[in-house]
Amino acid sequence: MRVLVTGGAGFVGSHLCDRLLAEGHGVVCLDNLKTGRKDNISHLLSDPGFSYVEHDITEPFYIEGPIDAILHFASPASPKDYLKHPIHTLKVGGLGTYHALGLAKAKHATFVLASTSEVYGDPEVNPQPESYWGHVNPVGPRSVYDEAKRYAEAMTVAYNRAHGVRIRIPRIFNTYGPRMRLKDGRVLPNFMTQAIRGEPISLYGDGSQTRSFCYVSDLVDGIYRLLLAPNPEALIINLGNPDEVTVRELAQEILEITGSKSTLSFLDLPEDDPKVRRPDIQRAREILHWEPIVPRHEGLARTLPYFREALLKLQKSPDHAQAR
């Protein structure tokens, strides 16, 4: 296949590019580098099966030649990013999805929309199955991301019903691994960088809220299986690790694995922060024969060297020295 990956220079997108190339497919990576990084794909630029297009997906675009599948992963994905770029986040979910679906329709390509567990909001059901409609504040501070993804799902399903576009919608739960941005504001990069630096670990609320963390290679495997799945024409499926942990327990695990002497610091809980987050992955098990295989402790151990190296590079950078 020849596959377009929007947001392909981002954390998950770049790992998807790696997997697709390893499977023998051609890859076109499209990214405007607003939250993605060229470093994530620098090792691919010399690969004859890979090409990079710098473009903002909220503006119309066209890719020459055949496209067999579009993996639409372009979007700010961390609270820090979408609170900083609220209108752009909504435009990516709306206009960006519209442009990508238009190309999928023109190319007769399979369309895979990267949705999110945030469509469930602050859930009143735990774990969350795909049949759950969610508990979302449509005008809260997180709504620009939640509603952008909910709207993107609605548009994707509409293109399937109205135009017969073959679609797949993975609802992605918390994912971690190498290539996460140090300052993206999500819990795992925050904890890792603070622990390595010996700074207090920032816990919001009392730390009893839960999350489920999936190592990136497991997630990418699930997405790849979903892309190839011959099952229903419109398939919505949870992808994540059902091993639920409190954020306080996660902080303790990271302190242990880093050997850090950092203390815990408790801050006010942000508005609309989900109290629980755990995927029901029964559908993924039955349809894709998929479930995560990397235990959290092992995944954290694989991720730690990346964060150590990234922080070392940051300390040596001229910008960091000037800031100090």
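Before any angles, a note to myself: axes are lines fitted to C-alpha atoms, for helices over the stretch in contact, and angles run from 0 to 180 degrees between N-to-C directions. Helices (H or I, at least four residues) and strands (E, at least two) are DSSP runs, numbered from the N terminus. I am working with a predicted model, where local features need pLDDT of at least 70, side-chain atom pairs count only at pLDDT 80 or more, and totals for chains, interfaces and linings use all residues. Residues are numbered from 1 along each chain as its sequence is written, and side-chain values use heavy atoms, with hydrogens and water left out.

**Entry: helix 7 and helix 9**

I started with helix 7 (residues 247-258) and helix 9 (residues 296-316), whose axes come within 10 Å and cross at roughly 60 degrees. That angle makes helix 7 oblique to helix 9; angles under 35 degrees count as roughly parallel, over 145 as roughly antiparallel, 65 to 115 as roughly perpendicular and the rest as oblique. I noted the crossing of helix 7 with helix 9 as right-handed. The term right-handed applies if the near helix is turned clockwise from the far one by less than a right angle, and left-handed if anticlockwise.

Which residues make the contact? From helix 7 I listed Leu250, Glu253, Ile254, Glu256, Ile257 and Thr258, and from helix 9 Arg296, His297, Leu300, Ala301, Leu304 and Arg308. Contact means heavy atoms within 4.5 Å. By type, the residues in this contact of helix 7 with helix 9 are six nonpolar, two polar and four charged. Here Ala, Val, Leu, Ile, Met, Phe, Trp, Tyr, Cys and Pro count as nonpolar, Asp, Glu, Lys and Arg as charged, and the others, Gly among them, as polar.

**Entry: helix 1 and helix 6**

Next I looked at helix 1 (residues 11-22) against helix 6 (residues 216-228): their axes are 10 Å apart, at an angle of about 60 degrees. Helix 1 is therefore oblique to helix 6, and their crossing is right-handed. The helix 1 side of the contact includes Phe11, Val12 and His15, and the helix 6 side includes Val216, Leu219 and Tyr224. I noted 10 nonpolar, one polar and two charged residues in the contact of helix 1 with helix 6.

**Entry: helix 3 and helix 4**

At what angle do helix 3 and helix 4 pack? I found about 15 degrees, with the axes of helix 3 and helix 4 (residues 143-163) 9 Å apart. The two are therefore roughly parallel to each other, and their crossing is right-handed. The contact of helix 3 with helix 4 holds 11 nonpolar residues, seven polar and one charged.

I also checked lengths. The 22 residues of helix 3 (residues 86-107) should span 32 Å at 1.5 Å a residue, and the end C-alpha atoms are 31 Å apart, which agrees. The expected span is 1.5 Å times one less than the number of residues. Helix 4, with 21 residues, reaches 29 Å between its first and last C-alpha, close to the expected 30 Å.

Helix 3 has a kink of about 35 degrees, centred on Val92; the bend at a residue is the angle between axes fitted to the seven residues ending there and the seven starting there.

Just after helix 3, His108 has a positive phi of about 55 degrees, and just after helix 4, Gly164 has one of about 75 degrees. Leu33 is not a glycine, yet I found a positive phi of about 65 degrees there. Leu33 sits in the loop between strand 2 (26-31) and strand 3 (50-54). Last, the peptide bond from Asn126 to Pro127 is cis, with omega near 0 degrees, and Pro127 lies in the loop between strand 6 (115-116) and helix 4.
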